[in-house]
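Student: I have a structure to read. Can you walk me through a few features?
Tutor: Gladly. Take a look first.

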Amino acid sequence: MKTYNRLLLILILLCTQLTYSQRKVIKVQQISQPKLNSLEKVENDKLSTDIIKLISPIDQSIIKNKNIEFIWQTKTSSKTSTSNLKILKVDSNLSLEDNIKKNDIFLLEELTGKMKFYVKDIPLNINYLWSVQVIEGGNILESKWWSFFPTDLDIQDDFSCDKNFLQNSNFQFTRESWTINKGTPSFMKSEDGCEDPNYVELKYINKNSDVISQKLTNGLKSGRHYKIKICLKNNFSEDLTPILKIIAFNGNLANLNLSTQTALFHSTGKIPYFKDWSQLETPVWTATNNFESIGFYIENIEKDSDLKLLIDNICLVEVDKNNCEEEIAIKFDNKGNYEIVDVKTNNIINSKKSKIIETSQDYMRGNVKDLYGSSNDTSTDMFYENLDLSSSCFSIGEYDPSKDFEEIDKKIDTTQFKNVIDDIKKKSKKVLAGVFLPEKFDPIIDVGLPNKDKQCNINNANLPFGGADIIYVHGLATAHILEGLSPNQIHKKYKAVWPNDKNEFYSGDYKKYADDYWKDHVLSKITKSNGELTNRYLTIAWPCDQRLGDGIHATFTQIADAINSGKGVIYDKNDPRGNSCFGNNIVIVSHSTGGLLVSSMLGIAELSKTDQNIQKSFGKNLNNITDRVKIHVALAPALSGSKLASLAVVAPKLLGQLIGPSHNLATLAANNLISSYSSVIDNSVLIDLMPPVSQYYWGNKYFDKTKVQTVTLAGSTPGLPQGGAMAWAGKFLIFGYNDGVLSMDCTCASNQQWFLPSTYLINNPLKMIDFGNPFTTKAIGLSWDSRFNRLIPLSPFRISACTPFVTPAGMLTPYSGRGSGIKRWPNHHSMIQTTMTHFDPTENILSLYPNYNQSIVSNINNYEEVRVLTNDYLYTSSLLSNNFKNIVNEHIRKKTIGFHFPAVRRVRRFPFVDVYWKYYEKTIWKRTYHLLQDYETKNGVDYMYQYILR
């Protein structure tokens with residue numbers, strides 16, 4: 001019997017044609033780009049016996065190891081029984097039975113008295129079968145065959161798609177259940193599909209894409225979460241990289257524009273050339289509405305070239321929750337370069353394994369109301385408090401800008417300003433004890449009640465401000481003041497004094513200055529292409545070399561004269577009214593210091609009914625003028641003054657300290673000049689523009705006395721602006737967002753204390769870098785201006801724009817707490833914030849339109865507009881069109897990487913494990929922006945003329 005057993009064993013060894021020593025030199029198979037077959041599961045029906053029990057590795061196991069211990073048990077009692085461990089390599093295209101017949105042996109090991117064996121360095125990413133044979137008493141007993149798969153690849157979910165919303169998702173029945181919405185997509189009958197026959201070819205030709213869609217049986221429900229897995233193949237050209245867009249929609253899909261009835265489910269990055277099928281899995285998407293259909297199309301975001309993309313096996317399923325986390329992390333160095341890190345293993349992804357393709361995208365995701373309006377009132381901008389703005393749903397990717405800030409800070413020496421604040425406080429205290437209102441001026445003539453003639457009362461929603469008459473009030477005219485400092489007084493233009501030289505303000509150089517100030521603005525906003533005026537208007541000339549009270553008197557007087565006699569009114573020659581009945585309905589448009597003047601004037605008018613001091617300075621019943629004012633539109637208004645004005649006021653003291661006492665003729669002359677300078681400055685509006693004076697006197701005393709509402713347009717130019725020295729000084733002196741002259745606290749109508757800007761908290765300062773703008777002074781400047789403490793670049797305390805939720809460029813901040821809060825002067829409302837400089841709404845409005853001044857060393861667009869309403873009063877009072885409620889759109893700017901990577905998944909067919917290509921698409925950085933509709937082709941002033949009183 002022993003001789004028989006030996007002969008049988010020799011025969012088995014000869015049949016294998018492979019010894020264990022040969023196994024050791026088998027080379028590792030390269031991972032093929034596999035053909036994905038159908039998920040047909042075949043049961044293992046090999047005869048088994050109770051005598052042999054396999055223990056490890058278990059059947060259909062995936063093992064993340066190349067060293068494997070095989071363990072089994074037998075019920076044979078003889079210690080001399082022989083076990084043969086047999087391992088076969090599997091051909092994935094053959095069935096279990098055929099693989100056993102093929103008998104492609106990897107290892108055959110004869111073991112005596114052992115029931116375990118350790119195998120090292122098994123080639124990875126190959127399917128294997130193993131079994132044990134026991135020869136006992138002349139009988140050959142054989143176990144079941146178990147399969148296993150050793151790998152170093154990622155293990156993914158089963159490719160099967162349970163509860164798929166789509167019918168015929170693998171195009172097995174070609175077009176069945178699918179609709180062709182646009183173009184001529186090809187439903188291909190071919191064995192070359194992804195995992196099974198048939199697929200669809202989408203084309204992009206002459207900038208038009210094929211679109212296919214399917215009406216879902218159950219539809220997608222608002223607020224629920226969904227994701228899609230889809231097979232892709234771009235094997236047409238290495239130079240062409242389509243992007244795939246997926247949309248959810250209702251109706252017939254007349255166009256691809258996003259709306260309440262059409263939402264963007266997902267937009268891929270550029271899909272690179274690859275010969276084989278790969279599977280893409282989208283991020284989780286939350287439905288913003290109930291949608292009945294899902295659609296697919298491709299685009300070309302780089303070139304005008306025609307494109308193709310193959311798609312197959314689409315799996316649309318509902319998932320439990322929206323997960324905004326990314327599977328990879330990005331580590332940036334101080335130059336903005338990055339490494340891609342797998343957060344699960346903390347390993348750097350090696351780009352040599354697969355070509356990595358980067359995609360920069362900027363696309364509109366949808367209207368804010370459609371995206372968030374189901375549970376929030378999105379007509380104002382306080383709904384952000386209900387959103388987790390610090391989550392990766394809104395912002396991904398970090399960069400430490402400390403070194404960039406250090407470079408900027410080295411160029412800015414603020415030590416020269418260390419004593420300025422104390423000097424301003426001392427000077428302001430003295431000023432506040434002085435006289436503000438004129439004492440010897442003639443009272444302003446009463447204008448009476450408005451004319452009720454129908455011809456005088458135009459209300460045309462097709463005209464700017466509904467056709468109302470417009471009064472323009474200019475800002476600080478530095479020329480008025482600088483001429484007073486000139487030693488050459490003979491050729492001085494601005495030497496008139498209000499009210500002694502009134503004609504100069506109606507027809508002289510002061511009037512010419514006012515007309516020139518608004519010339520381009522008028523031409524841009526209320527002049528048709530044929531030269532016709534849409535509105536009548538009046539420009540106010542007021543003396544900036546006198547105090548603000550004098551300017552208010554000049555403004556009242558000129559308005560009263562225009563109402564009573566039409567004096568100074570500009571009208572179109574075809575307007576039948578001419579200059580008569582001017583001012584029945586008035587909109588006052590002011591700029592800069594003009595905003596402080598008008599807001600103060602409106603309060604003074606209301607007090608003139610009873611306040612004797614007001615009546616003594618201006619006259620009675622000035623409210624008959626301001627009752628005609630429907631609204632005050634303030635462009636970059638100096639409502640809280642400017643630190644630049646304070647610097648000008650205290651400059652004589654600083655210069656005197658530098659020059660020293662008068663020991664010789666030179667220093668005596670210098671000190672006399674400083675004394676003369678002080679006299680001019682102390683009698684000018686610069687005194688009123690000192691922030692403590694603007695706030696504590698004009699603001700606190702008059703702003704809340706009127707019922708007329710003020711709406712503001714605020715700006716903050718990022719970085720150092722191109723242009724005048726004043727704006728540069730402002731960027732150095734003013735903390736926080738500013739337009740080069742005024743802080744955003746000032747222009748947003750915040751009544752925050754002048755020396756302490758509005759602040760808020762963020763939980764991740766690194767996410768304040770605006771990657772969505774080119775990585776230049778604009779992106780860095782936007783973050784630099786938000787720092788509360790310039791010595792701590794990464795401080796969680798940030799200075800707010802008009803609201804803490806959105807930067808001037810529209811980027812949502814990683815807001816985590818309100819900080820000092822959102823405060824407004826009574827009857828004042830922030831409406832729009834932009835990236836403009838201080839002078840863009842007036843002198844630059846034509847030359848730059850629709851852009852604003854750029855930052856230095858930049859050549860990029862600077863044109864963002866952001867809504868910043870903090871309450872709904874303007875809507876409920878019909879001052880602001882309800883159409884303004886729903887013109888905020890969400891834009892996504894991001895950079896993604898895409899790469900093919902082999903992965904392992906379980907399948908239902910033998911051998912139950914498959915290697916396939918996964919197309920990973922991960923986000924390096926993402927920023928979310930909320931911007932006004934048409935922001936690229938309009939500027940901030942356009943929206944005010946379009947939506948106020950219309």
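Student: Is Ser190 buried or exposed?
Tutor: This is a predicted model. The general idea is a cut-off: buried means under 20% relative accessible area. Ser190 has a relative accessible area of 16%, so Ser190 is buried.

Student: Where is Ser190 found?
Tutor: Ser190 sits in a loop. On one side is β12 (186-188), and on the other is β13 (199-205).

Student: Which residues does Ser190 touch?
Tutor: Leave out residues up to four places away in sequence. Then Ser190 touches Pro197, Asn198 and Tyr199. Now look at polar atoms. A polar atom of the Ser190 side chain lies 3.0 Å from the backbone nitrogen of Asp192.

Student: How do I read a helix such as α11?
Tutor: Start with the general idea. An α-helix has 3.6 residues a turn, so residues three or four places apart point the same way. Now the case here. Helix α11 covers residues 593-607, which is 15 residues. From first C-alpha to last, α11 reaches 22 Å, close to the expected 21 Å.

Student: How many residues of α11 are buried?
Tutor: In α11, 15 of its 15 residues are buried.

Student: What about the protein chain as a whole?
Tutor: Count the elements: the protein chain has 21 helices and 38 strands. Then check burial: 58% of its 950 residues are buried. The accessible surface comes to about 40800 Å², and 49% of that belongs to carbon and sulfur atoms.

Student: How do I read contacts along the sequence?
Tutor: Take contacts between residues at least 6 apart in sequence. Of these, 79% join residues at least 24 apart.

Conventions. Residues are numbered from 1 along each chain as its sequence is written. This is a predicted model: local features need pLDDT of at least 70, side-chain atom pairs count only at pLDDT 80 or more; totals for chains, interfaces and linings use all residues. Side-chain values use heavy atoms; hydrogens and water are left out. Helices (H or I, at least four residues) and strands (E, at least two) are DSSP runs, numbered from the N terminus. The expected span of a helix is 1.5 Å times one less than its number of residues. Buried means under 20% relative accessible area, exposed over 50%, partly exposed in between (1.4 Å probe, protein chains only). Contact means heavy atoms within 4.5 Å. Accessible areas come from the Shrake-Rupley method with a 1.4 Å probe; for residues, only the protein chains shown count as cover. A polar contact is a pair of N or O atoms within 3.5 Å; within protein, one must be able to donate a hydrogen and the other to accept it, and residues adjacent in sequence count only if both atoms are side-chain atoms.
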